[in-house]
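Welcome, and thanks for taking a look at this one with us. Please open the viewer and keep it beside the text as you read.

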Amino acid sequence: MTTSSLISPTSPSQVSPPAPALSALGHEQVAFCHDKATGLRAIISIYTTALGPALGGTRFYPYATEQAALWDVLRLSRAMAYKNALCGLDHGGGKGVIIGDPASDKSEALLRAYGRFVESLGGRYVTACDVGTYVADMDVIAKETRFATGRSEANGGAGDSSVLTAFGVFQGMRASAAHVWGSSSLAGRTVGIAGVGKVGHLLAGLLLETGARVVVTDVNSSAVEALREQHQEIDVAKDAFELVRSELDVYAPCALGGALDEATVGVLKAKVVCGAANNQLVTEGPGGTAEALMDRGITYAPDFLVNAGGVIQVSDELHGFNFARAKHRTAGIFEATASVLRVAADKGVSPAAAADHLAEERMSQVGSNRIWLPTR
């Protein structure tokens with residue numbers, strides 16, 4: 001069963017379809033967490049621990065319904081299993097979601113209650129930052145559990161993971177360039193970046209250092225202004241609509257998911273898509289977005305592979321963070337991306353399907369019946 005059968009194009013704020021039975025999806029464990037004193041409502045989903053403890057962030061989001069939260073955490077935990085397997089980590093896939101508005105519902109007491117639930121799983125699930133949670137939140141959660149990563153350097157963690165996330169996307173882009181043009185150099189190539197927050201900002205800098213021309217857009221004008229203060233040579237597109245219609249060699253979606261809808265794929269002039277945004281493909285599976293890109297001769301570097309620098313960093317934190325070691329491992333995204341693209345070309349399938357196949361192959365090597373037992 002591939003990721004295409006589960007990952008939904010809907011965002012968390014939209015109404016999600018009823019989740020199928022867990023036995024059909026293959027998830028190993030799902031825990032519903034409620035703390036009356038703090039109002040905590042959370043769900044922790046473990047897709048598999050075949051490769052090791054499940055690793056994945058905690059999302060704090062105002063889901064419309066518990067059903068929507070459940071669908072999201074099932075989808076995300078499964079995607080994390082594939083990401084961790086594909087980038088060579090000895091971790092299964094997990095995810096946590098806290099139901100609520102982080103702007104008004106987040107408190108130290110609530111986060112600590114959540115930390116106790118994470119601790120209760122005995123290391124079968126290791127958490128980190130995600131949408132709505134930050135390094136400071138992981139520091140609070142870590143007061144109650146040994147299994148919180150993404151903490152601040154002052155609290156024994158690795159801090160912000162944006163640097164390695166951007167570096168990993170850059171490596172994936174280089175591998176894609178080598179596959180398409182025969183050279184990993186991006187010098188002289190035009191790269192369009194949609195979204196120049198932390199990761200997009202850093203990615204732009206890496207590209208400029210290699211001699212690429214960079215065009216950017218962001219709904220947040222201050223993010224663009226901050227980037228241009230550092231790099232005045234950057235060009236700015238009015239919006240994503242204009243950017244994807246530009247004469248690009250590479251398109252890098254680095255903002256929200258769902259960047260590759262039917263309209264975008266239909267007009268995109270870039271030969272490579274490689275960006276940091278999660279869940280870029282609006283329609284998964286046979287006949288979906290990945291195949292539409294392939295039909296147009298556009299090479300898609302699977303987002304859950306090229307943006308894996310962040311999870312590589314938090315995984316390294318479990319062993320006493322060493323930046324050089326984590327960066328070296330993140331550099332491996334180059335060869336992992338090249339391998340995916342080779343398999344896709346050899347089999348005549350999309351890179352998304354090839355990535356699924358390689359991840360499933362690695363997970364199956366240790367046997368699907370292995371369950372990671374709690375740490376004493």
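Two strands are said to pair if DSSP finds at least two bridges between them. The model shown here is a predicted one.

## The open parallel sheet

With that definition in hand, let us begin with S11 and S12. Strand S11, residues 272-273, pairs with S12 in the parallel sense, and two bridges join them.

Is strand S5 buried or exposed? Eight of the eight residues of S5 (residues 92-99) are buried, so the strand is largely enclosed by the rest of the structure. In a regular strand, side chains alternate between the two faces of the sheet. In S5, Gly92, Gly94, Gly96 and Ile98 point one way, while Gly93, Lys95, Val97 and Ile99 point the other way. Lys95 is among the buried residues here.

Which strands pair with S5? Strand S3 (residues 54-55) pairs with S5 in the parallel sense over two bridges, with Leu55 opposite Gly93. Strand S4 (residues 58-61) also runs parallel to S5, joined by four bridges, and Phe60 stands opposite Ile98.

## Helix H6 against H7

Next, please turn to the helices. Helix H6 (residues 162-181) packs on helix H7 (residues 198-209) at an angle of about 50°, with the axes 8 Å apart. That angle makes H6 oblique to H7, and the crossing of the two helices is right-handed.

From H6, the contact is made by Ser162, Val163, Thr165, Ala166, Phe167, Val169, Phe170 and Met173. From H7 come Lys198, Val199, Leu202, Leu203, Leu206 and Leu207. By class, the residues of this contact divide into eleven nonpolar, two polar and one charged.

## Helix H6 against H15

H6 also packs with helix H15 (residues 333-347), at an angle of about 40° and with the axes 8 Å apart. H6 is therefore oblique to H15, and H6 passes H15 in a right-handed crossing.

Here Gly168, Gln171, Gly172, Arg174, Ala175, Ser176 and His179 in H6 meet Ile333, Phe334, Thr337, Ala338, Leu341, Arg342 and Ala345 in H15. What classes of residue make up the contact of H6 with H15? There are six nonpolar, six polar and two charged residues.

## Two loop residues

Asp239 is found in the loop between S9 and helix H9 (240-244). With a relative accessible area of 29%, Asp239 is partly exposed, because that class covers values between 20% and 50%. The C-alpha atoms of Asp239 and Ala194 are separated by 8.3 Å, although the two residues are 45 residues apart along the chain.

The other loop residue is Asn279, which lies between S11 and helix H11 (289-295). Most residues other than glycine have a negative phi. Phi of Asn279, however, is near 50°, a positive value in a residue other than glycine.

Notes:
Residues numbered from 1 in each chain as written. Predicted model: local features only at pLDDT ≥ 70, side-chain atom pairs only at ≥ 80, totals over all residues. Heavy atoms only, no water. Axes fitted to C-alpha atoms, helices over the stretch in contact; angles between N-to-C directions. Parallel < 35°, antiparallel > 145°, perpendicular 65-115°, else oblique. Left-handed = near helix turned anticlockwise from the far one by under 90°. Contact = heavy atoms within 4.5 Å. Nonpolar A, V, L, I, M, F, W, Y, C, P; charged D, E, K, R; others polar. Buried < 20%, exposed > 50% of the residue type's maximum accessible area, 1.4 Å probe, protein only.
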